[in-house]
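User: I'm new to this one and would like to learn how to read it. Could you walk me through it?

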Amino acid sequence: MNRMTHKPELRYVVIQTPMGIFKFAVPVVEGPDPVKIAMEMFQANVDGGQGDPLLATLTQLKSLALEGSHQPLITGLMLLKQMAEKGLVPPLPELIVGTGITQNDLDQAGAYNPGLFERMDQQFLN
């Protein structure tokens, strides 16, 4: 069955950002955790002093997709799409400028449309 025609099984990811703690829905996939890959890549870019760590991360995720590992890019775009819809980050078209990410990549991420983005209580999880 085409994965875009059925609703994937979802799991929930909790992420602490400077704007608060949020819960996101992402599809369950086999293999390495795409959220972990994307978040570790972003953190490495922050720690490495990248001027725009999000741009650097999106560019790296696109490179991974070109090498055949699409899920980290799709999952990263899903998270950003949910954040953009709530006004926490600029709209996706602005975020992807200069990254090599195409409309097809955005369409793949939008096809999952898990429909959950929730602000949690202002508590620190660690």
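User: How many residues does the protein have, and what percentage of them count as buried?

Analyst: Buried means under 20% relative accessible area, exposed over 50%, and partly exposed in between, with a 1.4 Å probe and protein chains only. Here the protein has 126 residues, and 38% count as buried. Keep in mind that this is a predicted model, where local features need pLDDT of at least 70, side-chain atom pairs count only at pLDDT 80 or more, and totals for chains, interfaces and linings use all residues. Residues are numbered from 1 along each chain as its sequence is written, and side-chain values use heavy atoms, with hydrogens and water left out.

User: Which elements does the protein have, and in what order do they run?

Analyst: Helices (H or I, at least four residues) and strands (E, at least two) are DSSP runs, numbered from the N terminus. This protein has five helices and three strands, and from the N terminus they go β-β-α-α-α-α-α-β.

User: Where is L10, and why does it count as partly exposed?

Analyst: L10 sits in strand β1, residues 10–17. It counts as partly exposed because its relative accessible area is 24%. P27 is 17 residues away from L10 in sequence, yet their C-alpha atoms are 4.4 Å apart in space.

User: What about Q50: where does it lie, and what is it in contact with?

Analyst: Contact means heavy atoms within 4.5 Å. Q50 is in the loop between α1 (34–47) and α2 (53–66). Setting aside neighbours within four places in sequence, Q50 is in contact with N45 and A56. Its relative accessibility is 42%, so Q50 is partly exposed.
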